[in-house]
Amino acid sequence: MTSSLGIELPDLPAALRRLLRQIPTGRATTYGDLAEALGSRRAARWVGEYLADHPHDDECPCHRVVRLTGEAGLFVTGDATEKLARLAAEGIDSRDGRIDLERHRFSAFASDRPLAPLIEFQERLPERVATRPFDGIPELVAGVDVAYSAAGVACGAYVLMETASGEIVWSTTVRRATAFPYIPGLLSFREIPVHLELLAQAEAANRLAPVLFVDGNGRLHPRRSGIATHLGLIAGRPTIGIGKSLLCGSVRTADVTVDDPRPVVDRGEVVGMAMKSTERSRPVYVSPGNLMDVADAARLARHAFRGHRLPEPLHQADRLSKRG
């Protein structure tokens, strides 16, 4: 599947099913082993979620996937004991609800690791980023966010706002099926196609903001290439990432106050700032995406706080995406 991201997106469910078929009778693997064979151990949660609800028949070998502890974990039928019974029928007995992975573990998968090219693509992105000061305060700023329905449909929202007054000037939404699952560190491959549709609508209406706040990280990312960085490069726009949780690095959040944001340091580099909108709110993690440095990302975020945890354009985009 060719995407507007500049790289081919893999069909992960198909790749996972191919791996499942490699697990021999009388052997078992773990969710993490399958994720590793896909190219990123951080995909383990998605592997578990997919196997708990996927096209299934009596020939499906998904019962051979267990937790690292040897416990059965979830099963597609809803009955984990059925998984253990199927394993027992193949010669893998359990004791106290656990199988002996030291005896029965299989991890020698033949795989092209389809997530690896995406990670390599991200590793090359920082070479293209323009990190430089952003002068002044723009009259308009915008926020982009994506929410998901129970059916997995993505609803993206773009909200354009006056910086000085906080008044919403214009907004739009987009709904589309998702083509890629949520995997930590790879959010951009799931959400940027939605963002690009939003920006296309904004450009057609002459409503593109000089600065975009993005739900997710920019430079505050293990590969310095979070969704705000990726989107900023593709769109050629100044972007600021706003993370709700700390993806990497370290910071003493107990020291963060409204008037004293604290730097997030990862591998000796300041990659973002932990900031508070109010003393009662939890910190958010602000980092530059593209055409921005850490100091100016934090400065512009401060101007956009209006009593909510998130900068106001992003707060309003979050609300609109959930209504959509």
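Among the contacts in the protein chain that join residues at least 6 apart in sequence, 65% link residues at least 24 apart. The model behind this value is a predicted one, and its secondary structure comes to ten helices and twelve strands. Taken along the principal axes, the C-alpha atoms fill a box of roughly 70 × 45 × 35 Å.

The chain has 324 residues, and 53% of them are buried, where buried stands for under 20% relative accessible area.

From the surface we can turn to the space inside. Rolling a probe the size of a water molecule over the atoms shows where empty space is left. In this model the count comes to four cavities of 30 Å³ or more, and the largest cavity holds about 70 Å³ of space.

Which elements each supply at least two residues of the lining of that largest cavity? They are strand S7 (168-177) and helix H7 (188-204), and H7 gives the most, with four residues. The residues that line the largest cavity include Arg 176 and Ala 177, together with Phe 189, Arg 190, Pro 193 and Val 194. Also among them are Leu 9 and Ala 154, as well as Thr 178, Ala 179 and Phe 180. By class, the lining of the largest cavity has eight nonpolar residues, one polar residue and two charged residues.

Definitions and conventions. Residues numbered from 1 in each chain as written. Predicted model: local features only at pLDDT ≥ 70, side-chain atom pairs only at ≥ 80, totals over all residues. Heavy atoms only, no water. 1 Å grid on protein atoms, 1.4 Å probe; cavity = no way out; pocket = protein on both sides within 12 Å on 5 of 7 lines; lining within 4 Å. Points joined across faces, edges and corners; volume = space filled by probe spheres on them. Nonpolar A, V, L, I, M, F, W, Y, C, P; charged D, E, K, R; others polar. Buried < 20%, exposed > 50% of the residue type's maximum accessible area, 1.4 Å probe, protein only. Contact = heavy atoms within 4.5 Å.
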